[in-house]
Amino acid sequence: MLVLTRKTDECIMIGDDVEIMVIGVEGDQVKLGIDAPREIPIHRKEVYDEIQEETRRAAEPDVGDIEQATELFTDQDAEN
Amino acid sequence: MKIDSKPYGEIEVDTDKIITFSDGLLGFEDVHEYVVIGKEEERPFEWLQAVHDPGLAFVVISPRVVRPDYHLNLGHQDAQELDVDQAENLLVYCLVTIPEDNPDNMTVNLRGPVVINDQTFEGKQIINQDDRYTVRHSLQEELENQAEESQAEQPAEAEDPS
């Protein structure tokens with residue numbers, strides 16, 4: 001990982017098309033401005049990691065559990 | 001063609017229905033071919049089954065069952081990769097996690113849905129830009145909320161004047 005130190009208003013270029021600017025720093029929060037072509041998706045990493053982890057969890061269950069899951073819907077129908 | 005499936009053992013699938021995920025799924029980037037299978041008695045749940053990996057299958061559900069007003073916010077690149085213009089419909093499935101120790105706490109991932117172009121059968125797991133949604137919505141709670149909301153919408157009984 002490349003580590004750079006920047007001050008407010010200073011920028012980083014990634015390739016020719018992506019520019020990141022430090023907009024401001026408040027306490028332990030850094031506000032970043034990102035200028036990139038719209039084709040390049042930009043996400044907070046935690047969201048990406050969360051989805052990856054949750055997808056792995058979803059691959060685990062036993063086959064038997066789906067019967068319990070469908071009961072949720074048959075109960076709903078019964079109440080209506 | 002015959003494939004071996006996690007929920008049903010050996011089954012016959014229509015090769016036209018095989019979905020290609022060029023990027024795989026998050027956490028399973030090397031698995032590219034899946035098919036959606038299901039049984040009537042398991043509705044609204046279905047399975048997203050890996051074609052070449054019998055042990056890899058996900059319980060899935062349409063997000064509108066969980067949230068009737070579910071909004072898919074596709075990023076520009078996702079829309080391009082999925083060839084949205086060429087799609088009649090985008091099929092959207094959300095992965096359901098059923099904790100082994102506590103199945104009643106099953107959750108659905110509304111933030112990272114699987115989106116499939118129903119003409120090209122190309123699929124992609126995307127990050128829904130709409131941050132109202134999380135990776136773990138309790139299915140039980142969502143259904144309870146829906147029931148409450150539909151009760152609230154019932155017109156109030158007219159008071160009997162006599």
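Predicted model: local features only at pLDDT ≥ 70, side-chain atom pairs only at ≥ 80, totals over all residues.
A residue is taken as buried under 20% relative accessible area, as exposed over 50%, and as partly exposed in between.

Chain A contains 3 strands and 2 helices, arranged along the sequence in the pattern β-β-β-α-α. Of its 80 residues, 24% are buried. The accessible surface of chain A amounts to about 6,200 Å², and carbon and sulfur atoms account for 48% of that surface. Where contacts within chain A between residues at least 6 apart in sequence are considered, 0% join residues at least 24 apart.

The interface between the two chains brings 28 residues of chain A into contact with 43 residues of chain B. Together the chains bury about 3,300 Å², with 66% of this area on carbon and sulfur atoms. Within the area that chain A buries against chain B, I51(A), I66(A) and F73(A) supply 19%, more than any other three residues.

Polar interactions also cross the interface. Between chain A and chain B there are 2 salt bridges, and 6 residue pairs are in polar contact with both partners at pLDDT 80 or more. On the side of chain A that touches chain B, helix 1 (45-58) and helix 2 (65-79) of chain A each supply at least two residues. Helix 1 of chain A makes the largest contribution to that side, with 11 residues. Sorted by class, the side of chain A that touches chain B comprises 12 nonpolar, 10 charged and 6 polar residues.

Side chains of opposite charge can pair when their charged atoms come close. Over all chains, the count of salt bridges is 11. One of them joins two chains, because R136(B) lies in the loop between strand 10 (123-125) and strand 11 (137-138) of chain B, while E54(A) lies in helix 1 of chain A. The closest N and O atoms of R136(B) and E54(A) are 2.7 Å apart. The two partners fall into separate accessibility classes: R136(B) has a relative accessible area of 42% and is therefore partly exposed, whereas E54(A), at 2%, is buried. R136(B) and E54(A) also belong to a network of salt bridges that includes E53(A) and R57(A).

Within chain B, a salt bridge is formed by the side chains of R67(B) and E142(B), at 2.7 Å from N to O. This pair links distant parts of the chain, 75 residues apart: R67(B) is in the loop between helix 1 (63-66) and helix 2 (76-81) of chain B, and E142(B) is in helix 3 of chain B. Helix 3 of chain B spans residues 139-152. With a relative accessible area of 23%, R67(B) is partly exposed, while E142(B) is buried at 8%. The side chains of E142(B) and R67(B) are also joined by a polar contact of 2.7 Å. Leaving aside residues up to four places away in sequence, E142(B) touches V66(B), R67(B) and H137(B).

A further salt bridge in chain B connects the side chains of D78(B) and K124(B), with an N to O distance of 2.7 Å. Here too the pair links distant parts of the chain, with D78(B) in helix 2 of chain B and K124(B) in strand 10 of chain B, 46 residues apart. Both D78(B) and K124(B) are buried.

Technical notes. Residues numbered from 1 in each chain as written. Chains lettered and ligands numbered in written order. Heavy atoms only, no water. Helix = DSSP H or I, 4+ residues; strand = E, 2+ residues; numbered from the N terminus. Buried < 20%, exposed > 50% of the residue type's maximum accessible area, 1.4 Å probe, protein only. Contact = heavy atoms within 4.5 Å. Areas by Shrake-Rupley, 256 points an atom, 1.4 Å probe, with all protein chains shown as cover. Buried area = accessible area lost by both parts, 1.4 Å probe. Salt bridge = Lys/Arg side-chain N within 4 Å of Asp/Glu carboxyl O. Polar contact = N/O pair within 3.5 Å; in protein donor to acceptor, adjacent residues only side chain to side chain. Nonpolar A, V, L, I, M, F, W, Y, C, P; charged D, E, K, R; others polar.
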